[in-house]
Amino acid sequence: WRLVSLDGSTLDVADTAENEEAFGRPGASRGSSAYPKIRFVGLLENGTHVLWAARMADYATDEITLAKEVVPALRAGMLCLADRFFPSHQLWQQASQKGADLLWRVRQNARLEVEKRLSDGSYLSRIYASTSDRRHEHNGVAVRVIEYRLKDVPGSDALYRLLTTILDPNEAPAKELAALYHERWEVETALDELKTHLRG
């Protein structure tokens, strides 16, 4: 797979009245921030740190809204990583429409019933658009769930849960996907390069 990551951030823009009107400023402990900000979401190629398919908007626009404009750029042969704030039924469906595979972290409290336990310890489940759909088992999307812990790693969460479109454990074993997911941090390194060293 061509490994890519989906993520978002903010950038300072010049402190002008026009930019403040167009983009807004986040609040701060004493009034508002020093600079107006834009919000952006993009796809990053992990190996090269090329940020592509980015969408920008005013600071008040949320990342999920921008992600919906970005994920149509995914293609077959890609494996897209994303953090736990992105998974939703609609965005998951949209991101996988072009044939890309997904490996997204999900919140610990997400309801994911075990439909079938697989040989590598992962299991098949379904995600639903609403509680009503779940109750009636209507329009569920098949996913594979990988749960793991990071032993002896200070500051790690008690449990990590990943969702993937790769349903066959022989194609990508759970242990390999869990190890691979941490490549998502490449996007954080790239954003640091962009914001700190290239100054946006």
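Asp62 caps the N-terminal end of helix 2. One of its side-chain oxygens sits 3.1 Å from the backbone nitrogen of Ile64. Keep in mind that this is a predicted model: local features need pLDDT of at least 70, side-chain atom pairs count only at pLDDT 80 or more, and totals for chains, interfaces and linings use all residues. Residues are numbered from 1 along each chain as its sequence is written, and side-chain values use heavy atoms, with hydrogens and water left out.

Now helix 2 itself, residues 63–70. Helices here are DSSP runs of H or I, at least four residues, and strands are runs of E, at least two, numbered from the N terminus. Leu66, Ala67 and Val70 are buried, meaning under 20% relative accessible area with a 1.4 Å probe, protein chains only. Why the same side of helix 2? Because they cover an arc of only 105° around the axis, taken from the directions from the helix axis to the C-beta atoms.

What covers them? Strand 1, strand 4, strand 5 and helix 3 are included.

Next, the hairpin. Strand 4 and strand 5 form it, with four residues between them. They pair in the antiparallel sense over seven bridges; pairing takes at least two DSSP bridges. Val41 stands opposite Arg55 in strand 5. In the turn, His49 has a positive phi of about 65°.

Last, Leu74. Its contacts (heavy atoms within 4.5 Å) include Val4, Leu43 and Cys80, not counting residues up to four places away in sequence.

Conventions
Buried means under 20% relative accessible area, exposed over 50%, partly exposed in between (1.4 Å probe, protein chains only). A polar contact is a pair of N or O atoms within 3.5 Å; within protein, one must be able to donate a hydrogen and the other to accept it, and residues adjacent in sequence count only if both atoms are side-chain atoms.
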